[in-house]
Amino acid sequence: MQLTCTISQRLHLGLLFTLSYGALIAESDTKIQQMSTPDNHVEDIPLDEMVITAPLQRPLFQQAQAASILSGQNLTLAIEPSLGQTLARMPGVSSSYFGPASSRPIIRGLDGDRVRILQNGLNTIDASATSVDHAVSFDTSNLKSVEVVRGPATLLYGSNAIGGVVNSIDGRIVDEKIDGTIRGALGGRYSSVDNGYLSSVMVEGGYKGLAFHVESFTRAAEDFRIPGNARTTNEQTINPLPPGETETRKIMPNSNLRSEGVTSGLSYIWDKGFFGFAWTEFHTNYGSPAEQNVVIDMHQQRLDVRGAFYKPLPRIKEINYKIATSRYQHTEYDGGMPGTLFKNNGYDARVEVKHEKIAGMEGVVGYQSDRSEFSTSGDEAFLPSTITQADAVFLYEDISRGPLSFQFGGRYDHISVESLNSAAFGPALARRFDNLSSSVGIVFTPNDEYAVAFTINRAERAPTYQELFANGTHAATGAFEIGDPNLQQEKSLGFDLNVRKRIGWVTGSVGGYYNRYSNFIGQFPTGVVHVVGGESYNELIYQATNAEFIGSEMEATFHLLHPITSEPSEHQNNLHLQLRADVVRARDTKTGLSLPRIPPFHLSSTLSMERGAFGARLEGIYAAPQSQLAMNEARTNSYFLVNLTLTYRIVQGPTTLDLYVKGMNLTNEDAREHTSVLKDRIPLPGRGLVAGLKLTF
């Protein structure tokens with residue numbers, strides 16, 4: 001892919017340079033101010049951050065379920081082209097890693113449809129859960145924060161959230177008065193490993209209750225560099241080099257990408273509520289590293305509408321409503337010729353009514369409805385056209401009694417999945433499912449320093465149209481996939497225990513969980529090989545079994561110069577040592593074998609220092625070898641990555657300029673993600689340098 005500069009890109013870069021230069025000139029006449037806002041600190045009091053995904057927006061410290069937030073400078077430094085790689089350093093989170101463009105988050109070993117990806121609380125309405133080679137339909141560049149709920153979140157977000165929720169917050173609909181104010185952000189970065197660049201801009205303002213929000217971005221990258229051979233030398237590889245082909249070295253072919261998008265939003269805010277809408281155009285074009293000649297070209301048009309009424313009735317604290325509609329399609333080009341066309345049109349809508357305390361209970365009741373009209377056509381149409389309709393009601397309540405907080409609720413979903421009549425897939429089929437999910441949690445806070453949380457979750461997930469109706473070749477996974485239209489609901493029972501500490505010399509959390517599934521739907525090899533168009537495809541069938549997941553997560557920060565207190569820190573100098581670790585074991589309880597693509601043990605250590613406006617982070621990331629394997633699965637070796645980040649902040653009144661340089665994979669380690677279907681063919685990028693800036697005003 002050639003990196004050419006369009007008119008919109010020149011405008012981006014010119015505006016970015018002008019405002020950045022202006023801020024630096026203004027700063028040169030004044031003394032550089034010390035860092036005093038919460039974003040400057042690595043993670044001063046992360047457990048006090050508010051969780052928007054939670055129904056009552058409690059701080060992390062008070063949540064019954066395990067959750068994490070990535071925001072501020074931490075988010076700026078973590079941003080990668082894909083959402084999966086951006087979040088991969090969070091405890092309990094891995095990446096599906098199908099190259100730099102299309103990597104989704106994996107939570108506690110669960111991925112695909114079991115992890116609900118949200119934009120501002122609503123479904124992305126794309127095809128990313130259908131296959132690992134399909135990218136999520138938004139970019140990470142203008143996000144304000146990302147919230148991750150680990151474990152079943154079906155109570156609020158439906159049966160698809162049986163593994164967890166990732167909620168990306170971008171603020172495209174302004175919900176607070178900003179009269180007479182213009183504010184915004186400009187960002188830019190360059191990465192050497194792929195000769196890639198990112199340019200982003202966001203501006204919003206308001207007058208007499210009206211508010212607008214405009215944002216845009218452009219991202220591009222060439223094929224990224226790798227430490228050595230693309231294919232592993234592991235003797236257990238299941239994808240050996242075909243006869244006559246030359247081994248790929250130093251460069252990962254067809255890993256380039258190009259994306260651009262624009263969003264415009266308008267809101268009206270008054271004392272008792274707000275109403276707003278936003279229109280988004282998103283486009284990305286990226287190569288598929290698994291197939292040298294395949295390029296995916298994706299387009300999405302999305303309309304978001306959101307509003308709220310504050311205290312509209314006695315005992316009613318708030319009524320929130322939101323809806324998103326989307327027209328999505330992507331075409332897979334093979335050798336420059338259009339091959340398979342994927343479409344997904346639909347909507348997601350929800351209404352929440354939050355009430356004040358009634359009989360000691362504070363909570364929310366709600367209704368959600370979403371619809372997906374999915375279709376494929378062309379050479380690799382392995383799915384019929386389908387319509388999925390889901391409607392649900394849910395209830396969540398919180399009762400506080402001294403140091404104890406009881407959080408409980410339930411949800412009912414009615415889901416219909418229908419395949420349409422076609423010559424290729426036969427007559428129409430329809431399935432109906434009624435899912436019930438419930439959760440009970442207890443949070444014990446004996447003092448301001450500690451909290452202990454315990455939850456019991458019972459959840460049900462309906463099989464997807466892919467699990468029910470797939471029948472054909474799927475080149476991205478190198479398989480001939482066969483669904484089972486008679487599959488029943490997947491059911492889980494889970495227990496989660498978490499201990500948290502928010503102030504003192506050491507802060508963080510440690511916890512463990514156990515989830516048991518009946519009718520766990522997985523893909524299993526049959527040993528049959530299909531030859532289609534001269535290519536061989538291993539047959540994989542969707543079938544149900546029983547499974548169990550058991551794991552543990554830890555996140556601890558040692559504050560080496562001074563302890564964290566309940567008041568915001570005003571120290572100029574900080575020194576922290578942060579440790580993160582997670583492990584999960586998952587097995588088929590019928591056969592005793594491990595489930596495929598389960599992440600190995602991870603441990604990371606980060607030493608971070610802040611001195612005035614200057615900051616530095618030295619990070620080491622260790623992944624253990626994964627020898628707990630499913631049938632016909634390749635083993636992966638351990639790896640250790642070393643990263644170094646330097647930051648500098650300039651503050652002048654309301655304007656802040658953050659400069660940063662990151663050295664990534666400094667030892668040029670050959671690292672492979674066990675969670676990837678291409679782990680023996682695509683390593684992580686080699687040694688590289690990232691330089692960037694972000695200007696907020």
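Predicted model: local features only at pLDDT ≥ 70, side-chain atom pairs only at ≥ 80, totals over all residues.
Rings of Phe, Tyr and Trp (its six-membered ring) pair if their centres lie within 6.5 Å; planes under 30 degrees apart count as stacked, over 60 as edge-to-face and the rest as tilted. By that rule, this chain has nine aromatic pairs.

Select Phe-520 and Phe-549 to see one of them: the ring centres are 5.8 Å apart and the planes meet at 50°, so this pair is tilted.

Numbering starts from 1 along each chain as its sequence is written, and side-chain values use heavy atoms, with hydrogens and water left out.

Now zoom out and colour by secondary structure. The protein chain has five helices and 33 strands, taken as DSSP runs numbered from the N terminus (helices H or I, at least four residues; strands E, at least two). Of its 697 residues, 57% are buried.

Back to the rings: pick Tyr-268, Trp-270, Phe-309 and Tyr-321, which form one aromatic cluster. Then try Arg-108, which lies over the face of Tyr-513 at 3.9 Å from the ring centre. Arg-502 has its charged end over the ring of Phe-61, 5.3 Å from the centre. (The rule here: NZ of Lys or CZ of Arg within 6 Å of the ring centre and within 35 degrees of the ring normal.)

Next stop, Ile-269 in strand β13 (residues 257-270). Ile-269 has 5% relative accessibility, so it counts as buried. Show its contacts (heavy atoms within 4.5 Å): leaving out residues up to four places away in sequence, Ile-269 touches Val-174, Asp-175, Glu-176, Lys-177, Gly-209, Ala-211 and Phe-274. Gly-206 is 63 residues away along the chain, with 9.6 Å between its C-alpha atom and that of Ile-269.

Finish with strand β31 (639-652). Leu-644 is partly exposed, with a relative accessible area of 35%.

Methods:
Buried < 20%, exposed > 50% of the residue type's maximum accessible area, 1.4 Å probe, protein only.
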